[in-house]
Amino acid sequence: MLFETGKMKERKMGLEQAIKSLDAFPRTEEHLLQKTQSGALVSIVGLVIMATLFFHELTYYLPTNTVHQMSVDLKRGETLPIHINMTFPSLPCDVLSVDAIDMSGKHEVDLDTNIWKLRLNSHGHIIGTEYLSDLVEKEHAAHKHGDEKEHHDDAEKKLHALGFDQDAENMIKKVKQALDNGEGCRVYGVLDVQRVAGNFHISIHGLNIYVAQMIFGGATHVNVSHVIHDLSFGPKYPGLHNPLDGTVRILHDTSGTFKYYIKIVPTEYRYISKEVLPTNQFSVSEYFSPMKAFDRTWPAVYFLYDLSPITVTIKEERRSFLHFITRLCAVLGGAFALTGMLDRWMYRLLEEVTKASGGRASQ
């Protein structure tokens with residue numbers, strides 16, 4: 001019985017020794033350890049390096065990166081919001097109107113559209129506000145909006161029916177006084193239009209042609225200088241830059257029509273929180289047509305837009321936590337191994353130097 005118990009103990013001890021032989025991190029006896037100043041210096045430098053690398057990896061992991069994907073735009077029947085914020089420093093609010101037309105030639109009017117005009121003095125300070133509920137006129141009698149004469153003839157008939165002489169005189173006096181005072185106008189708000197190609201423009205087209213002629217003395221005297229503070233087709237997302245924001249076009253001793261050709265790209269921005277923001281981004285090119293003495297059209301600022309059939313999806317993504325841990329282990333482990341090698345090299349170097357100086361002293 002005792003013999004069998006002894007055998008079992010020997011087997012257990014042999015198993016323990018076999019397991020211990022697999023230890024990749026053997027412990028050194030405390031009295032065999034030797035701490036040196038060079039080792040302390042290397043340890044401090046190593047800790048600083050590892051802490052720096054750790055924060056570098058953390059700053060690399062925490063921010064999100066964006067991934068762009070493209071697909072066919074399947075949205076139909078939705079409205080397109082147009083955010084406008086513009087200043088016309090040389091035109092009073094009484095003569096400015098906003099018109100929006102889709103590709104069918106009809107004016108699109110949204111009863112919920114909110115547009116405001118702010119009267120500005122010659123220094124650009126606000127001196128009054130006016131709410132515009134019907135800036136966008138109803139439908140044209142003709143399909144071609146570029147026929148200015150027919151448009152003004154319709155307006156003339158309406159003014160005659162309302163008592164043209166008195167109304168026209170009051171309008172002319174008021175606008176001329178505003179022009180003499182150097183008044184300008186700031187137009188801002190949101191237009192909701194159908195999601196089809198079209199245009200909107202800001203001009204004096206709402207005036208009767210003879211009233212406009214008496215006020216300005218001809219189309220060449222209508223100064224449509226403008227500043228675009230903001231023009232967008234939906235809410236902004238991180239990193240979005242609207243190319244027309246901050247655009248300044250000032251005319252001196254000339255007049256003409258500005259046309260901005262806009263290509264709208266439907267966009268979805270997907271936050272890392274899974275929230276989806278539908279919006280639009282766009283590219284633009286512009287063209288300026290100077291007015292000539294015998295032109296029958298009147299100056300305006302046109303924005304002609306078309307929609308791309310391709311939608312862009314932008315996704316926020318963060319690198320995986322496992323990837324972060326893998327890189328962290330590799331970087332910190334490498335730094336630790338390098339400082340260990342540096343410590344051994346310094347110790348041996350100092351040891352050799354000490355021996356050499358000791359041998360010279362003995363001689």
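**Surface positions, strand pairing and salt bridges**

Lys 274 is exposed, its relative accessible area being 71%; residues count as exposed over 50%, as buried under 20% and as partly exposed in between, with a 1.4 Å probe and protein chains only. The model is predicted, so that local features need pLDDT of at least 70 and side-chain atom pairs count only at pLDDT 80 or more, while totals for chains, interfaces and linings use all residues. Residues are numbered from 1 along each chain as its sequence is written, and side-chain values use heavy atoms, with hydrogens and water left out.

Lys 274 is placed in the loop between S10 and strand S11 (276-290). Helices (H or I, at least four residues) and strands (E, at least two) are DSSP runs, numbered from the N terminus. The phi of Lys 274 is near 80°, a positive value in a residue other than glycine. Asp 253, which is not a glycine either, has a positive phi of about 55°. The loop that holds Asp 253 runs between strand S9 (247-249) and S10, and Asp 253 is exposed at a relative accessible area of 85%.

Strand S13 (residues 310-317) pairs with S1 through 8 bridges, and the two run antiparallel. Strands are taken to pair if DSSP finds at least two bridges between them. Within S13, Thr 313 stands opposite Gln 69. S13 is also joined to strand S10 (residues 256-270), here by 4 bridges and in a parallel direction. On that side, Val 312 in S13 is the bridge partner of Thr 267.

Strand S1 spans residues 65-72 and includes Val 72. Val 72 is exposed, with a relative accessible area of 54%. Together with Met 70, Leu 74 and Ile 310, Val 72 forms a nonpolar patch on the surface, with about 460 Å² of accessible area in total. Such patches are made of residues with over 30% relative accessible area and no salt bridge, like charges being joined within 9 Å and nonpolar side chains (Val, Leu, Ile, Met, Phe, Trp, Tyr) within 5 Å. Accessible areas come from the Shrake-Rupley method with a 1.4 Å probe, and for residues only the protein chains shown count as cover.

In helix H5 (residues 209-216), the buried residues are Val 211, Ala 212, Ile 215 and Phe 216. Viewed down the axis of H5, these buried residues fall within an arc of 110°, so they line one face of the helix; the arc is that of the directions from the helix axis to the C-beta atoms. An α-helix has 3.6 residues a turn, so residues three or four places apart point the same way. Helix H6 (residues 321-362) contains Thr 339, which is buried at a relative accessible area of 15%. Beyond its neighbours within four places in sequence, Thr 339 is in contact with Val 42 and Gly 46, contact meaning heavy atoms within 4.5 Å.

The loop between strand S2 (79-88) and strand S3 (97-102) holds Ser 90, which counts as partly exposed at 27% relative accessibility. Residues up to four places away in sequence aside, Ser 90 touches Leu 179, Glu 183, Gly 184 and Asn 223. Ser 90 and Leu 120 lie 30 residues apart in sequence, with 9.7 Å from C-alpha to C-alpha.

Side chains of opposite charge can pair when their charged atoms come close. The structure holds 8 salt bridges, each defined as a side-chain nitrogen of Lys or Arg within 4 Å of a carboxyl oxygen of Asp or Glu. Asp 94 is partly exposed, at 25% relative accessibility.

Another salt bridge is formed by Arg 119 and Glu 183, whose closest N and O atoms are 2.8 Å apart. Here 64 residues separate Arg 119 in strand S4 (residues 114-120) from Glu 183 in the loop between H4 and strand S6 (184-194). Arg 119 is partly exposed, with a relative accessible area of 33%, whereas Glu 183 is buried at 9%. Glu 286 and Arg 249 also form a salt bridge, the closest N and O atoms being 2.6 Å apart. Glu 286 belongs to strand S11 and Arg 249 to strand S9, so the pair ties together parts 37 residues apart in sequence. Glu 286 is partly exposed at 39% relative accessibility, and Arg 249 is partly exposed at 27%. Asp 230, Lys 236 and Asp 245 are linked in a network of salt bridges.
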